[in-house]
Amino acid sequence: MGQFVTEIKSGGGIAVDDTIQVKGYETKAGSRILEGFRPLFSAEAVERLERAGYDIAGKSAVGEFGLDLLGEFAYGAETCDTLRGAAAELVAAGTVKGALCVDLNGTPRRAAALSGVDFLKPTYGTVSRYGVIPCACSGEQIGVAAKTAGGVRELLRVVAGHDPKDGTSLPAETYDYHDGKAAPGMRVGIVKELYGAASDEQKARVTACAERLRGMGVAVDEIALPLADAARTAWNLCLCAETCNNVSRYDGVKFGYRSPDYRNIDELYVNSRTEGLNFLTKFVILYGSDVLSKGRYFTCYDKALKVRRLVAEQVKALFKDYDALLCPACSETEYRPYDIKDAFMTVFAESLFTAVPNLTGIPAMVSGGVQFMADALRDSDLLNLAEALEGGNAS
Amino acid sequence: MKYEAVIGLETHVELATKSKIFCACGGHSTKGEPNTRVCPACAGMPGMLPVTNKRVVELAMRAGILLNCDISRYTTFDKKSYYYPDLPCSYQITQWFHPICRNGSVEVTTKDGTRTIGIKQIHMEEDAGKLVHDDWTETTLVDFNRTSVPLIEIVSKPDFRTADEVMAYLEKLKTMFRFANISECEEGAMRCDVNISIRPEGSEELGVRTEIKNMSSLSSIRRAIQYETARHLDAVERGTETLVQETRRWDDVKGRTFSMRNKETAADYRYFPDPNLMPILIGDDWLQRVRDTMPASVEEKTAEYQSKGLSEKEIASLTSERALCDLFDAVTALGRDPKDTASWILTECGGILRKHGQVMSELQITPERLSRIMEKVSGNEINRAAGRKVLEAVLYEDADPDAYCEAHNLGAQGDADAVRQVVLKVLDATPNAVKDYLGGKKKAFQALFGGCMKELKGNGDPQVIRALLEEELSKR
Ligand SMILES: [Zn+2]
């Protein structure tokens, strides 16, 4: 498994998700609606890699706009079932040294957990989103996949940094990847609500990890994050609203797919979008359109923004006592095929494990099949924890 | 029964910024061939992120200060969604929840007196592109030059009662905004939506309201208001039709308004805060800086020019254009006499522009060059007629005053006219020496010659001076 949709340079280098633009190479974001779209510029993260001497190996496959679980519902995926978790699989197979993936609703974290590689979704605002095909701008974030935490740290240092082209980019002096705490002496809390919702195999992974941490002098106990469920709802609501708005630019007028069948401008819009977008995206658009509508804005969208603030406060309070949170990255240890008609609810269910970092902007790292979260800008603590668990090669 | 009209205005004004509101493209909507002032951001390409042009915020604050508004300390940008081919992202970035200015007022004066018009709010937003319908090929083309050009929308309270008041208000905004460098207010850079209803005079209740969208010429706005008021009156008094709340379009050729069906009013724009644009916090320091750097108002300039001895007429002409005031101020700052400067700008520059079929607002000259020409004339290096000639060359051939004089042999060395003026001046000023010379004292010639050289600051050609002196003396 693991496939490029566009191979740029063979023989190693870095894979870049097809939701991230590389100048001159078709960027479809897994969707027919962007067929033939060749961006005029590269993403800032890609530019930084190239400036530092890394080769871009190719564009790794993603599901349409990265909205599905693992990339299973990409345009063209009907004829090819090797697209799932493409970037993580390419890393696992050693085809590439690392990968840049957009974490919109946990996809790269799930993929890393299933493929056994490391992935860090860094603090929101530390890696520029300039050049990312946008869906939910308030929480999506480019992250880094690599075989080891050391590999993640190396690439993150290259791609992170202030970018004036991204208005939400943080000033560079607020973070660095070498100031982390040493793992021994840390306090880690297992998130009860997320642990409890996972399969027995997943629970066993978390428990085994906790044991190893204790063995190296890390204090581990169970903590409660009562708003975990509300956080999932709030994030999916924001995601749908923002995605609905952002994908409205694909209207068949300027670039990408245009239906050959129209007699007027309304038909051009409707037919191009009907033929160009998949069932899941349409579901997201309808849901997002609904929560932003006049009658629902204050009962839905505005409420989600309030929940967002509450969750951030609850998480902030936890990090007064804990250095990191430990939980599964997904409910099961294996992928089970399902029908696209159930995709919206399936992704919604699974995002219970991944929503809090997207909603609040805190960093989250998957390593050894489990997930850690830390306070904003404490990405290096996560890297240190993962390195300690990977044994010996801590820097 | 006597009725009165209740009119409210939404006025869109294009801001005079160098670049667009969220990208680095040039900000002027009317310049350039179609689609030459666009970048991936304002063309709606995915992956580009908006970054707020700070100048836009400052100009909006400036407008708010002029219109006596409260300036919000917390202001946000929101997205407004709708599909139209001139809108590349299918959403417009505007301000819905927290506009930058609120609760202002402005006084308007008509022949019937002065009234205060309330300002509900001012908000910032980006403009959309332009559709060009080509009847020949039956196609519609899109020009994105105007997308993301910064606008402010000034929403008045429904405080107008007559078309005259609306005209006075718009004229006043135009003068104020031009003078404060907020907007150039050129043709099409100011567009209005007008809300109208009528009610019995003295009543507090509002009648059925209609909105006429998107008018940019003052005469259309006046005619549309007059037409629509009459239509409402006919409907209410004579029952000619039943009024419905709707959006209408003004047809300037037919001279009437038409219903735009209910398409526009039925739209749900699904506003929400733009997560890519952080809320803007306006602190005391920033607000004070904007206040401190506000260009002087017409009233302040008038007082200043009065104290410099300019006539009412000169003051009125200069203050009709911010650029003329700036030129005047810069030239006088270079040491030129205020009265003389006003005359050079208004009479000389004005005359030459008129000759070329241009108006004062098109005047383009650097203060240094104008000052140099004035210096040459007042220093008798060249006479005023020659000065005019140089000025024309500076204005229309981009000539440098000194280089032009040299190339065309103007100035004391070659310009016999100018030297003759000096000679005559010296002869008139020293009648005794003239009398002596004419009486046979040839030595007096040296004194007269020396006087001319002195007047010409040593720049005169002795041979020319001598010849002219002899010539003029022979006439006496
Ligand atoms: Zn632009």
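Start with B:Thr11. It stands opposite B:Ile154 in strand S10 of chain B. That facing pair belongs to a predicted model, so every value I give is computed.

Now widen the view from those two residues. S1 and S10 of chain B, the latter covering residues 150-156, pair in the antiparallel sense. Five bridges join them. Both strands sit in an open sheet of nine strands in chain B. Read across, the order is S2-S6-S7-S10-S1-S11-S12-S13-S14, and the pairing is mixed.

What stands at the edges of this sheet? Strand S2, residues 70-71, and strand S14, residues 256-259, both of chain B. Each has a single partner strand, so one side of each is left without a neighbour in the sheet.

Next, the metal. Which residues hold the zinc ion? Four cysteines of chain B do, each through its SG atom: B:Cys23, B:Cys25, B:Cys39 and B:Cys42. The distances run from 2.2 to 2.4 Å. Along the sequence, the donor spacing reads C-x1-C-x13-C-x2-C. Take B:Cys23 and B:Cys39. They are 16 residues apart, and the pair links distant parts of the chain. Each lies in the loop between strand S1 (3-14) and helix H1 (54-66) of chain B.

Why is the arrangement called tetrahedral? Because the four donor atoms subtend angles of 100 to 117° around the zinc ion. For reference, the ideal angle for four tetrahedral donors is 109.5 degrees. One more point on B:Cys23. Its relative accessible area is 14%, so it counts as buried; the cut-off for that is under 20%.

On to charges. Over all chains, a search of the whole structure finds 62 salt bridges.

Pair one is B:Arg231 with B:Glu228. Their side chains meet at 2.7 Å, N to O. Both residues lie in helix H3 of chain B, residues 218-238. They are three residues apart, so about one helical turn separates them. Are they buried or exposed? B:Arg231 is buried, and B:Glu228 is buried too.

Pair two is B:Glu304 with B:Lys308. Here the closest N and O atoms are 3.4 Å apart. B:Glu304 is partly exposed, at 28% relative accessible area. B:Lys308 is partly exposed as well, at 34%.

B:Asp402 is partly exposed, with 30% relative accessible area, whereas B:Lys376 is buried, at 4%.

Now chain A. Salt bridges there link A:Glu44, A:Glu47, A:Arg48, A:Arg51, A:Asp163 and A:Lys165 in a network.

Last stop, the surface of chain A. Which residues make the nonpolar patch? A:Phe279, A:Phe283 and A:Tyr287 do, and the patch covers about 230 Å². A:Tyr287 lies in helix H9 of chain A, residues 279-292. That tyrosine is partly exposed, at 30% relative accessibility.

Technical notes: Residues are numbered from 1 along each chain as its sequence is written. Chains are lettered from A and ligands numbered from 1 in the order in which they are written. This is a predicted model: local features need pLDDT of at least 70, side-chain atom pairs count only at pLDDT 80 or more; totals for chains, interfaces and linings use all residues. Side-chain values use heavy atoms; hydrogens and water are left out. Donors are N, O and S atoms within 2.8 Å of the metal (3.2 Å for Na, K and Ca); water is not among the atoms, so sites may look incomplete. Four donors count as tetrahedral if all angles lie between 85 and 135 degrees; four count as square planar and six as octahedral if opposite donors are over 155 degrees apart and all others between 65 and 115; anything else is irregular. Helices (H or I, at least four residues) and strands (E, at least two) are DSSP runs, numbered from the N terminus. Buried means under 20% relative accessible area, exposed over 50%, partly exposed in between (1.4 Å probe, protein chains only). Patches are made of residues with over 30% relative accessible area and no salt bridge: like charges are joined within 9 Å, nonpolar side chains (Val, Leu, Ile, Met, Phe, Trp, Tyr) within 5 Å. Accessible areas come from the Shrake-Rupley method with a 1.4 Å probe; for residues, only the protein chains shown count as cover. A salt bridge is a side-chain nitrogen of Lys or Arg within 4 Å of a carboxyl oxygen of Asp or Glu. Two strands pair if DSSP finds at least two bridges between them.
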